[in-house]
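Here are a few friendly notes to read alongside the model. Take them in order, with the structure open beside you.

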Amino acid sequence: MVKLIARPLDRKLLRDVWRMRIHAAAVALVLGCGLSVYIMSVGMRASLERTRADYYADYRMMHLAASLVRAPDRVAADLERIPEVAAIETRISGYALLDVPQIVEPASARLISLPLGGRPRINDLAMVRGRWPDPAKADEAIVSEAFATALDIRIGANLAATIHGRRHVLTIVGIANSPEFVFVSAPGELFPQPERFGVVWMGRTALARAFDMSGAFNDAIFRLSPGADDQRVRSAIDEVLRAFGSSGAYGRDRMMSDRFLSEEIKQLTTMAIFLPAFFLVIAAFLVNIALGRVIATERSNIGLLKAFGYSDLAVAWHYAKSALMFGLIGASLGSIAGVVLGRAIADIYRDYYHFPTLAFSAGLLTFAGAWAAAIVAVSIGAIFSVWRAVRLAPAEALAPPRPAVYSRSSGMLARFAARLDAKSRIILRRIQRFPRRAATTIIGIALAIALLVVAGAFPAVMTQLLSVHFSVANRQDVTLSFVAPREIGVMHAVAHLPGVISAEPFRADDVVLRHGRLEVREAVLGLPFNARLSRLIGSDGQAVEPPVAGIALARALAAKLHAGPGDEIEIEQVSGRRVQARIRVSAIVDPMVGSSAYMNIEDLGRLFREPGRISGAHLSLDPARYAAFNAQLKETPALAGASFLRQAERSMRRAFDEGVGVMNYLYIAFAAVMAGGVAFSAARVTMAEQERDLATLRVLGFTRGEASYVLVGELFVLALLAVPLGCVLGTVLGIWLMRLFQTDMYSFTFIFNPGGYAFAIAFTLACVAIASFIVRLGIDRLDMVGVLKARD
Amino acid sequence: MTIAAETDPSPAFHTIRLSKVYGDGPTAVHALRDVDLDVAQGELIVLLGPSGSGKSTLLNILGGLDRASSGEVWFHQTALNAMRERALTDFRRRHIGFIFQFYNLIPSLTARENVDLVREIAEDPLSAEEALDLVGLAERMDHFPAQLSGGEQQRVAVARAIAKRPAVLLCDEPTGALDLKTGVRVLEALVEINKRYRSTTLIVTHNADVARLGERVIHFSDGRIRTIETNAVRAPPSELKW
Ligand SMILES: Nc1ncnc2c1ncn2[C@@H]1O[C@H](COP(=O)(O)OP(=O)(O)OP(=O)(O)O)[C@@H](O)[C@H]1O
Ligand SMILES: [Mg+2]
């Protein structure tokens, strides 16, 4: 029925859409922006999840792992007997200093043994090039692909490594990736520095000899049978391995690589919801404005259609169709842009996440979701306007619309109006008379400002994070970590390394913290008083001293434990003596990076009954002797690692620039589309409504500029009203988003960045100015004579 | 300028072979064909003619709203046909008061504010009270157009046109939408202003009886002036029949 009678209207539909092309373009672009982000993030998320799942399944990624001091090989049989363990592999794992001539600083590697009997049953390698090492040849090794690429290591190349204090020259026979190391960063570093840290796989016999581990292992990895109770298996493993110095079995949530992937997936989810929702709301607004306008001008058409016997449904469907058309154009745009964006983001991901292959592909369901969302958004926008059309009784619709009854303002507004010139009064009265329309425009522009405020906040927050972390908290040039805790006396030797200006010790222990039934595994750091290099950060972003007594918790950690100052928590070492103690929380601190617990170094040493033992040192260096320092370092075997702060900063900055930076340009482009779309729509509607008044003004002898004032003025008043709203909205959204993006690794706090607000406001007003300037050109083409012939 | 125009002995308007063609080729419409006309300063002229004969077109060209296709239009010593858009706007602003059939008030402004609108760009305007008083609307000053009857709205339009004491009043069917009584009031106001400020006044009408108001009556048809009569005796608006 609807179909039959709708046919003669179809040509009119196309004409309508063409007539509303500015609105159509605005709606389609805004929808396109939102949906492209939706498709990009949902598609990328699905691609990551699928790729990860396939990779983990195909290469048998471990479910659990445990590292220990040393266990004889026979213990493997005990582990194998644990119910629900499907497979177990014992390994020898350790760290080596590498002497890579291409770089000044020492590089290091994680060494992992390959099983005697061939390929690993768990954490199999995806070989990129080359072959497996010959078990008979002790010097053959495989290196991870990112490391090989960064240092241009080819098959057959030699690599000098200091393993357990002895120098070895390895021959690279293969280059591979592993599901265990999709994301690779050195211990203690957040972001990858592929030229300074890699993974090296060697034969079990060779590595056992190098580490004096013959007939023993120090690392066990497990795959569980489907449906296994993770917790129960872990306890069983701990039962077996406790005697061998295990620090406890842990799951994928504590494996660095998987954890990063999960965080990334979580952030993509946030992104898939937030931005698109924002844009869909605006699109609905724009549809409402556009259709409202068309229906207002087509009152008599509607009356005619209904008088001819078209049903309400047919009339509603007719107008709803143009909205749907907008929606479909927008959904198509968004689908194409989403795929383009997705491919671009996959390129960035490939730099950070090393899968055998990672390609963006959005599923049919993702597109279906996007199209459905587009249709829902335009329908909601259309419903309110269309409802008005349907409600019109034919006779009423055929009669000219009742003139808008303006009213004089009262109170303050009246006094204000009295002081205005007549042109400004027109603006004021129109806004007063059509508050809903004005509100729509204000909200649209405010949302654009809000989006820009949020976009502007991200780089400011990143800059703040980097500057607090690297200029206030960590002012050392390098942090050395010892293989095992050393007596404080070693500081004397450290201070005498070439180029060292000052040195500060620290102690770090892996612990489990418990409060009530809550339990978190974290690191506790012991720091000296009056530190100049590595310091704690208080809530004001300034350095604070470590607690005189008790323990200070990072805010995120305190939140996880539901613990605050004054609460007593339980602390237990996960390795070494496994000392357990109760300790009072003395303060909450705000490190920007990490979420550890902190004590003063003497207390921590006493607590764990190792007074005077330290884990490493922070150093500041004389730049002139940087090379000499590093040359010496490359020959210092007792070091587990050296972290260079400038490099850490660089890798962090690069990660932020690529991730947040790219998103930021996108945000700005999208905000421009949004501000422009809203401004154009509003300007078009205002122009259409005011055409007659503007022509009258021109007839009366007002110049084009003076007539434009009424048009542009209205838009600008609305835009100015939108400014405070947009700033508040942006701030609220920013705070909320920062909270969503918060991870264990870094805590973002929204910072009020006046420059960001200024940019948001200026940029949006510029968009409004451009839109109104373009629409204003219509005043030049006003047909004064024609307009005056028509009755209003 | 208003003062200068009043003392200038040259004709207020002088047209030479004024033509207006809409479109071209076989579908071209000749709205005006070679119109030669002189209008004296302060004169009150009534234009009569069938629908589509070109009355509005002429009025619009004289008022600087529209341009002729060929020929010349002079306002005293200035050639309107040579003016740029900007100058025409200025010309309308300084010298012309328009009154249209459909009033064309700004709906968001009260009667007084509609008058104030033109006072803001006029040199030596009447006060809004004076102007509205002249059309007998002093009490309805603070009403919006939607709150006024058609006749009242047209009187506001008249007040708006006269507030700047224009040298020229161009009225296109000012009573077209009004009944006798309100039409008479509007015409009375126009005649009064013409008398008081010596504003050159052209009134287009379909009502032959209104012609008795004018000093001269111009009969239009098919884009041409057919005849021009001079009324020896002018009737006051109150004597008009509809
Ligand atoms: N914009 C236009 N495009 C084409 N033709 C036009 C246009 N405006 C007017 N015309 C034509 O010019 C002629 C003169 O029109 P005009 O409006 O001057 O007539 P009029 O004498 O004022 O008629 P009425 O008494 O009906 O108002 C008419 O034939 C009209 O169709
Ligand atoms: Mg006419």
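1. Start where the two chains meet: 30 residues of chain A and 28 residues of chain B take part in the contact. Please keep in mind that this is a predicted model.

2. Between them, chain B and chain A bury about 2800 Å², and carbon and sulfur atoms account for 60% of that area. On the chain B side, look for Phe102(B), Asn104(B) and Ser108(B), which supply 20% of the area that chain B buries against chain A, more than any other three residues.

3. Charged pairs also join the two chains, with a count of four salt bridges between chain B and chain A. One salt bridge to find on screen links the side chains of Arg425(A) and Glu113(B), at 3.4 Å from N to O.

4. Now turn to chain A by itself. The C-alpha trace of chain A spans about 100 × 60 × 50 Å along its principal axes, and the chain contains 22 helices and 21 strands.

5. How much of chain A is buried? Of its 792 residues, 56% are buried. The accessible surface of chain A is about 33200 Å², with 60% belonging to carbon and sulfur atoms.

6. Taking contacts in chain A between residues at least 6 apart in sequence, 81% join residues at least 24 apart.

7. A last point concerns charge. Chain A carries 86 positive and 68 negative side chains, and the centres of these two sets lie 10 Å apart.

Note on methods: Residues numbered from 1 in each chain as written. Chains lettered and ligands numbered in written order. Predicted model: local features only at pLDDT ≥ 70, side-chain atom pairs only at ≥ 80, totals over all residues. Heavy atoms only, no water. Helix = DSSP H or I, 4+ residues; strand = E, 2+ residues; numbered from the N terminus. Buried < 20%, exposed > 50% of the residue type's maximum accessible area, 1.4 Å probe, protein only. Contact = heavy atoms within 4.5 Å. Areas by Shrake-Rupley, 256 points an atom, 1.4 Å probe, with all protein chains shown as cover. Lys, Arg positive; Asp, Glu negative; His and termini not counted. Charge placed at Lys NZ, Arg CZ, Asp CG, Glu CD. Buried area = accessible area lost by both parts, 1.4 Å probe.
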